[in-house]
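Student: Could you walk me through this structure? I'd like to start with the charged side chains and then move on to the rest.

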Amino acid sequence: MKFWHKIFPLGHFIISLLFVICAFILIVLATLQLWHSLQLDRDLSLIQRLNEVLESIAFLTVAVAALELGQTLLEEEVQREAHMSAPTRVRRFLSRFMVVLVVSLSIETLVLVFRVGHDAPEQLPYAAAVGLVAGVLLAAWGVFIRFNCRAEELEPEAMAQAKREDEKLE
């Protein structure tokens, strides 16, 4: 069983590395998309150029999410070898993930509203649904943090240990 516990950090490291590689690929694609939108020799309307810029923003949003997830996995699972049994660890890991998710969905909502507002206004309810999901996730996350803080009070030693581990990494 100890063998498997030693394999998991390697797996998390590989997954983290793949997230980072995907993020950089998305950054390159966003840059290319933006460059194409700015080329004046292309016969594009302003709306088409706007849509290409918005598509570039969408790529960058996913890239930020991938980078953050890669960093979170690297720090929490590889460097700290954190076990998700303590409420402090669960809150930290989930909070980092939820920040990325809620911000990404919010930005994507803005991109969708601008894009479909010009091209297909009948699609606006779908864009609004994405924003609604971001709002619901934010509210649920707040409820989770509220309940999790109460659980942390029952285990002050887990909070102290998490703080000591943070000092070691810095």
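This is a predicted model: local features need pLDDT of at least 70, side-chain atom pairs count only at pLDDT 80 or more; totals for chains, interfaces and linings use all residues.

Student: OK, and how many salt bridges does a search of the whole structure find?

Tutor: The search of the whole structure finds four salt bridges. One of them joins E52 and R42, where the N to O distance is 3.3 Å. This pair links distant parts of the chain, since E52 belongs to helix α2 while R42 belongs to the loop between α1 and α2, ten residues apart.

Student: What about the accessibility of E52? And of R42?

Tutor: E52 counts as buried because its relative accessibility is 14%, whereas R42, with a relative accessible area of 27%, is partly exposed.

Student: Which residue forms a salt bridge with R96?

Tutor: E68 does, and the closest N and O atoms of that pair are 3.3 Å apart. Because E68 lies in helix α2 and R96 in helix α3, the pair ties together parts that are 28 residues apart in sequence. E68 is partly exposed, at a relative accessible area of 22%, while R96 counts as buried at 18% relative accessibility. There is also a network here: salt bridges that share partners join E68, E75 and R96.

Student: Switching topic, what does the secondary structure of the protein chain come to?

Tutor: The protein chain has five helices and zero strands, and from the N terminus on its elements run α-α-α-α-α.

Student: And which residues make the nonpolar surface patch?

Tutor: That patch, of about 870 Å², is made by L10, F13, I14, L17, L18, I21, I25, V28, L29 and L32. To take one of these, L29 lies in helix α1, which spans residues 2-38, and L29 counts as partly exposed because its relative accessibility is 38%.

Student: Where does V64 lie? And is V64 buried or exposed?

Tutor: V64 lies in helix α2, which covers residues 46-79, and V64 counts as exposed because its relative accessibility is 53%. The C-alpha atoms of V64 and S104 are separated by 8.1 Å, although these two residues are 40 residues apart along the chain.

Student: Back to the chain as a whole, what share of its residues counts as buried?

Tutor: Of the 170 residues of the protein chain, 30% count as buried. The chain exposes about 11100 Å², and carbon and sulfur atoms supply 72% of that area.

Student: And what share of the contacts with a separation of 6 or more comes from residues 24 or more positions apart?

Tutor: Residues 24 or more positions apart account for 68% of those contacts in the protein chain.

Notes: Residues are numbered from 1 along each chain as its sequence is written. Side-chain values use heavy atoms; hydrogens and water are left out. Patches are made of residues with over 30% relative accessible area and no salt bridge: like charges are joined within 9 Å, nonpolar side chains (Val, Leu, Ile, Met, Phe, Trp, Tyr) within 5 Å. Accessible areas come from the Shrake-Rupley method with a 1.4 Å probe; for residues, only the protein chains shown count as cover. A salt bridge is a side-chain nitrogen of Lys or Arg within 4 Å of a carboxyl oxygen of Asp or Glu. Helices (H or I, at least four residues) and strands (E, at least two) are DSSP runs, numbered from the N terminus. Buried means under 20% relative accessible area, exposed over 50%, partly exposed in between (1.4 Å probe, protein chains only). Contact means heavy atoms within 4.5 Å.
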